[in-house]
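Me: Hi! I'm new to this one and would like to talk through its charged pairs and helices. Can you help me look at it?

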Amino acid sequence: MSDGTLDAAQAALAAEHAAVYGYGVAGGRVAAGRRAEATVAHHAHRARRDTLVRTVRDLGGEPVAAEPAYALPFAVPGPAAAVRLAAVLEDRVADVYSDLVRAAEGPLRRAAADALREAAVRAVRWRGSGVPFPGLAERAADGSLKDGAGEADGTTGADAKVGSDAKAGTGATH
């Protein structure tokens, strides 16, 4: 496997760390009717994170550690914002898994494609609509990421860069 595969696996691991953190916030604020959905997503991201730790080690790398906290893309004062945050988290996870699909081969590529699909499905459930090509983030003219609805997501900045955005210097945050 190439250094590109290791880098993409590290980026996916970093995104999973951020998703676990983000679901901790979203899960505490989502409406009671969707709390079970948030819990299932939280557990799924924890499982993917743990698998990626082993994958990074198998690729000869030292797994990136979770940050103590992550900058959220917007305030999450209540249930509507929690649902929006969950959709953004899933979009961002899908983005980094698309990079891993491109970089990997064999069973790792298949696992990355499965993770990309799962994140895209969860994003649709949270958002209520899909995007044409999940995992292929569009870029605005200023280089910032656009969210799945085609709107500039307003989350660029210098804090908490993760995944391929950290390497590319785009400043997208979780």
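Me: What does Arg-102 form a salt bridge with?

Reply: Arg-102 pairs with Asp-99, and their closest N and O atoms are 2.2 Å apart. A salt bridge here is a side-chain nitrogen of Lys or Arg within 4 Å of a carboxyl oxygen of Asp or Glu. Bear in mind that this is a predicted model, where local features need pLDDT of at least 70, side-chain atom pairs count only at pLDDT 80 or more, and totals for chains, interfaces and linings use all residues. Residues are numbered from 1 along each chain as its sequence is written, and side-chain values use heavy atoms, with hydrogens and water left out.

Me: Where do Arg-102 and Asp-99 sit in the helix?

Reply: They are 3 residues apart in helix H3, so about one helical turn separates them. Helices are DSSP runs (H or I, at least four residues), numbered from the N terminus.

Me: And is Arg-102 buried or exposed?

Reply: Arg-102 is exposed, with a relative accessible area of 53%, while Asp-99 counts as buried at 19%. Buried means under 20% relative accessible area, exposed over 50%, and partly exposed in between, using a 1.4 Å probe and protein chains only.

Me: How many salt bridges does a search of the whole structure find?

Reply: The search finds 8. One of them joins Arg-122 and Glu-90, with the closest N and O atoms 2.9 Å apart. Arg-122 lies in helix H4 (residues 106–127) and Glu-90 in helix H3 (residues 79–103), so this pair ties together parts that are 32 residues apart in sequence. Both Arg-122 and Glu-90 are buried.

Me: What about Arg-110?

Reply: Arg-110 forms a salt bridge with Asp-114, at 3.4 Å between the closest N and O atoms. Both lie in helix H4, 4 residues apart. Arg-110 is exposed, at 55% relative accessible area. A network of salt bridges links Arg-110, Asp-114 and Arg-117.

Me: Switching topic: at what angle do the axes of H3 and H4 cross?

Reply: They cross at roughly 160° and come within 8 Å. The axes are lines fitted to C-alpha atoms over the stretch in contact, with angles running from 0 to 180 degrees between N-to-C directions. H3 and H4 are therefore roughly antiparallel, a label for angles over 145 degrees.

Me: Which residues make the contact?

Reply: Among them are Val-83, Glu-90 and Tyr-97 of H3, along with Leu-108, Arg-122 and Trp-126 of H4. Contact means heavy atoms within 4.5 Å.

Technical notes: Helices (H or I, at least four residues) and strands (E, at least two) are DSSP runs, numbered from the N terminus. Angles under 35 degrees count as roughly parallel, over 145 as roughly antiparallel, 65 to 115 as roughly perpendicular and the rest as oblique.
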